[in-house]
Amino acid sequence: MADAGALDALVQALRILPGVGIKSAQRMAFHLLQRDRAGAGQLALALQTAAASVRHCERCHTFTEATVCATCLDPARDRARLCVVETPADQAAMERTGAYAGLYFVLMGRLSPLDGVGPKEIGLTQLIERACDGQVQEVILATGFTAEGEATAHAISEALKRRGLHVTRLARGVPVGSELEYVDLGTIAHALVDRR
């Protein structure tokens with residue numbers, strides 16, 4: 001393709017998205033340029049606007065356009081409970097359940113020494129300050145059940161328990177609606193150990 005500098009740049013820019021390889025990026029670029037130029041402009045403007053105006057909440061670190069997010073400012077939220085999640089996507093998933101009405105702290109990652117992510121990078125000091133504000137009575141650890149998520153939960157739990165805080169962890173086990181014979185053995189084992 002002659003004179004494809006801008007097209008190549010678009011494909012390379014789309015490849016920075018997680019799970020998008022060269023073929024998917026090309027397909028998206030071709031679609032936007034061939035069938036939806038207005039959508040391409042809308043996408044470019046939305047990305048530019050979000051990159052310029054979205055920041056981290058000063059209290060919980062989630063994404064917001066304000067200094068403090070709407071969740072932290074909501075007087076109806078239970079200030080005695082603080083749920084620790086890895087990402088804003090995890091926070092959104094918790095909110096969709098409708099089962100939690102407390103506040104959050106978003107780590108923006110998880111401990112991963114091999115990748116250079118330590119306690120400082122996930123804001124452990126800020127989390128401890130937030131949890132020790134005198135209002136929080138329970139810290140709920142809702143990190144993933146990966147090796148890094150478990151290590152993160154353990155490190156946070158130890159740091160908070162030393163300060164006399166009540167720390168709980170999300171339960172894990174057999175998914176609702178599943179048949180036991182089709183559930184993986186690790187999940188069954190954890191469900192058995194964590195039975196109530």
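This tour moves through a predicted model, from confidence to the sheet, its helices and a helix pair.

Numbering starts at 1 along each chain as its sequence is written. Local features need pLDDT of at least 70, side-chain atom pairs count only at pLDDT 80 or more, totals for chains, interfaces and linings use all residues, and side-chain values use heavy atoms, without hydrogens and water.

**Colour by pLDDT.** This is the predictor's confidence in each residue, from 0 to 100. The chain averages 91, and 98% of its residues reach 70 or more. Among the elements, S4 has the highest mean (97) and helix H8 (residues 185–193) the lowest (81). Helices (H or I, at least four residues) and strands (E, at least two) are DSSP runs, numbered from the N terminus.

**Select the sheet.** Four strands form an open, parallel sheet in the order S4-S3-S5-S6; pairing takes at least two DSSP bridges. S4 (102–106) and S6 (166–169) each have a single partner strand, so one side of each lacks a neighbour in the sheet. The twist averages 25 degrees from one strand to the next.

**Zoom to S3 and S5.** Residues 78–85 and 138–141 pair in parallel over 4 bridges. Leu82 stands opposite Val139 in S5.

H6 (residues 124–131) lies across S3, S4 and S5, at about 160 degrees to S4. H7 (residues 147–161) lies across S3, S5 and S6, at about 165 degrees to S6. Angles run from 0 to 180 degrees between N-to-C directions of axes fitted to C-alpha atoms, for helices over the stretch in contact (heavy atoms within 4.5 Å).

**Finish at H2 and H3.** Helices H2 (residues 22–35) and H3 (residues 37–53) pack at about 120 degrees, axes 5 Å apart. Show Leu32, Leu33 and Arg35 of H2 against Arg37, Gly39, Ala40 and Leu43 of H3.
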